[in-house]
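Student: I have a structure open and would like to go through it. Can we start with the overall picture and then look at parts?

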Amino acid sequence: VKLADVQFSDRERVVIARLSGEIDLSNAESIENAIAEATPNHALALILDVSALDYLDSAGIHLIYKLREKLRARGQALRLVIPADSPANDALRLAGVSRNIDTADSLDAALAEFSDEQRAAEVPDPGSV
Amino acid sequence: VTLENPHHHAPRAGQTVLTPVATALAPAHQVEAFARLSDPALSELGLEEFLDELLLRVREALTVDTVAILLHDPGSHELVARAAKGIEEEVERGVRIPVGQGFAGRIAAERVAVFVADVDHADILNPILREKGIQSLLGVPLVVEGALIGVLHVGSLVPRDFGQRDLAVLQVAAARAAPGIERARLFSELEREHRVAMVLQRSLLPKRLIDVIGVTTAARYLPASDEVGGDWYDVFELARGRLGVAIGDVVGHGVRAAALMGQLRTALHAYAMEDYGPARTLELVDRFVQAMPDYAMATAAYAVLEPDTGEVQIASAGHLPPVVVSRDGGRVVDVTPSAPLGAFSYGRVREHQLTLAPGETLVFYTDGLVERPGTPLNESIEELLAVLKGATSVDELCRRAVDTMVPAERLRDDVAIVAIQNAEIDDVLDLRLPADPKILAEIRLALRRWLRHQGASDSQTMEITLAVSEACTNAIEHAYSPAPAEFTLHASADAGGVTFIVADVGRWRVPRGTDRGRGLTIIRAAMDDVHVNSSETGTEIVMHRKLTS
């Protein structure tokens with residue numbers, strides 16, 4: 001059964017990955033790989049939208065951290081779209097890591113952030129991520 | 001011996017048309033030959049054995065060297081060698097003679113008996129006859145109900161003057177052979193189609209059904225006696241632990257219906273996976289049917305079960321109403337059926353809701369199970385309810401339905417039945433589980449169901465499910481490897497709240513790095529009381545959570 005799904009889209013040089021379904025130990029690694037694979041080197045940033053996730057646990061949080069490391073090594077930023085009342089946010093809260101990850105309340109908010117950045121710098125500066 | 005050459009038969013080199021005349025008295029050996037050729041035992045043989053035996057008897061009765069049967073292929077309008085004695089090469093080389101040409105072709109075209117006294121000086125198309133050194137030939141047409149099906153001919157390696165007595169014997173043989181061949185040929189064609197359709201049908205139905213904790217399913221499919229139909233069923237998992245159950249019945253029979261069934265089952269499954277509800281899923285399958293180049297029509301019903309609440313969304317496109325049965329009763333589900341799939345353009349399918357209480361089973365079936373001549377449909381559905389009531393498992397339920405409702409003798413229509421039960425919820429959960437990450441989603445499903453039953457709120461259910469899932473993740477990661485390992489999950493409730501014990505058989509490993517320790521952080525944050533007990537034999541995590549509202 002398809003426990004989760006990822007839908008990719010691009011906005012300028014920002015890759016958007018929308019997750020839905022459930023992420024646990026059974027699928028976290030393959031989802032992480034799929035997202036890393038779908039983010040090209042020339043991308044400025046990745047927006048990971050977990051609003052539609054029904055379930056996320058430590059395996060999923062681990063995925064977010066590892067993905068952030070991978071992107072950071074390529075000079076790319078990661079923004080998590082996570083509404084306050086979402087199951088994913090509950091997991092982050094219980095794990096006590098809510099403040100460790102850059103988040104946005106909505107996809108529009110995250111996009112706005114990057115379009116400002118994009119206008120400011122033609123060449124992304126890895127140091128600013 | 002009377003040899004004739006009537007005007008309406010155009011003369012051909014070396015061929016003589018033989019017209020039978022009544023013979024006064026048949027010699028004793030001929031009577032015996034007639035008896036041997038009319039032996040009823042012949043009709044019990046399959047086509048191959050029948051032809052083999054018949055040709056042997058003809059050869060014996062007429063003391064000829066060769067005997068052959070060529071069958072008419074209506075597609076190419078040719079005669080194809082089908083069986084032979086003494087000239088087996090005819091069959092082996094697949095000799096084909098156009099109707100109207102040569103010796104056998106003329107017999108077929110004019111439906112007359114033809115005698116060839118001297119093969120070397122006659123209009124003969126088939127080279128094998130000459131190669132074998134056949135000198136004289138006699139052949140008759142094989143006709144069934146006015147239709148030509150082939151030619152039977154005999155040959156002699158020494159010049160022979162075939163006469164009326166020989167012709168009479170050969171005609172008895174032909175009269176015997178023709179219907180037998182026709183029947184056997186039709187039978188084997190039907191049988192072949194039946195076999196193909198059976199294999200097709202089987203391969204298109206799900207190989208195994210789903211059994212998740214708390215929900216059990218079972219199904220049966222029985223092909224009709226004569227041919228398969230287009231019945232199908234399906235059970236599949238959807239996102240968020242929901243289960244989809246579908247049934248359908250394609251109008252028509254045979255390979256085409258079975259193939260169409262496969263397409264519709266796949267289409268329904270694919271739309272269902274995209275999370276369209278039952279009504280929209282059926283509407284999309286309807287559009288799919290409408291877009292097919294050939295006329296197609298089917299009835300179908302599709303339901304989505306939410307296992308933690310027992311809520312069912314259901315829709316029907318012209319399909320028979322499902323029934324819900326429990327230990328002490330049953331009811332026909334009130335689903336107003338929309339039009340069948342393919343019936344008319346842009347049809348709207350309506351969705352209905354029902355709740356499956358713990359212990360209740362939703363049953364879909366096709367008309368083959370309940371349609372009986374002379375019995376109103378609602379009566380036989382009531383009968384089905386009475387039969388199914390009190391069945392303890394879905395397997396027993398399906399068995400009862402098939403044993404009682406399906407006639408033991410000839411089955412006129414195919415039958416499909418699929419049952420899905422929302423199992424009773426025990427006060428105590430006691431699960432022994434494989435240490436496989438794939439089991440986690442199912443565990444969460446079972447937990448949500450159980451917690452709801454214990455009166456936990458939505459947010460409590462979310463937090464507890466997360467914590468217990470983390471504990472199970474730990475057990476799976478720490479399980480002995482690479483051998484298949486297991487762990488246990490025990491859940492119980494008391495006045496104060498709920499307690500869970502997750503035990504693995506591996507040694508406790510110190511969590512590696514902050515990422516790996518996060519699971520335990522979540523467990524401690526979500527539960528009121530947490531103990532980790534490690535010993536030589538394994539590790540257990542005991543968690544308690546208060547359930548005050």
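This is a predicted model: local features need pLDDT of at least 70, side-chain atom pairs count only at pLDDT 80 or more; totals for chains, interfaces and linings use all residues.

Student: Fine. How many helices and strands does chain B have?

Tutor: Chain B has 14 helices and 22 strands.

Student: And what share of the residues in chain B is buried?

Tutor: Of its 549 residues, 52% are buried. The accessible surface of chain B is about 24,600 Å², and carbon and sulfur atoms account for 52% of that surface.

Student: What about contacts along the sequence of chain B, how many join residues at least 24 apart?

Tutor: 67%, counted among contacts between residues at least 6 apart in sequence.

Student: Which way does strand β1 of chain B run against β5(B)?

Tutor: Antiparallel, with four bridges between β1(B), residues 15-18, and β5(B). T16(B) is the residue opposite F115(B).

Student: How many bridges join β5(B) to β6(B)?

Tutor: Three, and that pair is antiparallel as well. V114(B) has G139(B) of β6(B) as its bridge partner.

Student: What about helix α4 of chain B, how much of it is buried?

Tutor: Seven of the nine residues in α4(B), which spans 102-110, are buried. Among them are F103(B), R106(B) and I107(B). After the helix comes R111(B), with a positive phi near 50°.

Student: Change of topic. In what order do the strands of the five-strand sheet in chain B come?

Tutor: The order is β9-β10-β11-β12-β15, in an open sheet with antiparallel pairing. β9(B) and β15(B) are the edge strands, each pairing on one side only. On average, neighbouring strands are turned by 15° against each other, direction ignored.

Student: How many bridges hold β12(B) and β15(B) together?

Tutor: Five bridges join them. In that pair, V312(B) is opposite L354(B).

Student: Which strands does helix α7 of chain B lie across?

Tutor: α7(B) lies across β9, β10 and β11 of chain B, and it runs at about 20° to β9(B).

Student: And α8(B), what does it pack against?

Tutor: Its buried residues pack against α7, β11, β12 and β15 of chain B. Those buried residues include L282(B), L284(B), V285(B) and V289(B), and also E283(B) and D286(B).

Student: What length does α8(B) reach?

Tutor: Its 13 residues reach 18 Å from first C-alpha to last, close to the 18 Å expected at 1.5 Å a residue.

Student: Last topic. Which residues have the most contacts inside the largest nonpolar core?

Tutor: L48(A), L489(B), F500(B) and M543(B), in a core of 70 residues. Helix α13 of chain B, residues 458-478, gives the most to this core, with eight residues. Apart from it lies another core of 53 residues, including L205(B), V215(B), L238(B) and F364(B).

Student: What does L48(A) touch?

Tutor: Leaving out residues up to four places away in sequence, L48(A) touches A17(A), L19(A), I35(A), I64(A), L67(A), L78(A), R79(A), L80(A) and V81(A).

Terms used:
Residues are numbered from 1 along each chain as its sequence is written. Chains are lettered from A and ligands numbered from 1 in the order in which they are written. Side-chain values use heavy atoms; hydrogens and water are left out. Two strands pair if DSSP finds at least two bridges between them. Helices (H or I, at least four residues) and strands (E, at least two) are DSSP runs, numbered from the N terminus. Buried means under 20% relative accessible area, exposed over 50%, partly exposed in between (1.4 Å probe, protein chains only). Contact means heavy atoms within 4.5 Å. Accessible areas come from the Shrake-Rupley method with a 1.4 Å probe; for residues, only the protein chains shown count as cover. The expected span of a helix is 1.5 Å times one less than its number of residues. A nonpolar core is a set of buried Ala, Val, Leu, Ile, Met, Phe, Trp, Tyr and Cys residues joined through side-chain atoms within 4.5 Å. Axes are lines fitted to C-alpha atoms, for helices over the stretch in contact, and angles run from 0 to 180 degrees between N-to-C directions.
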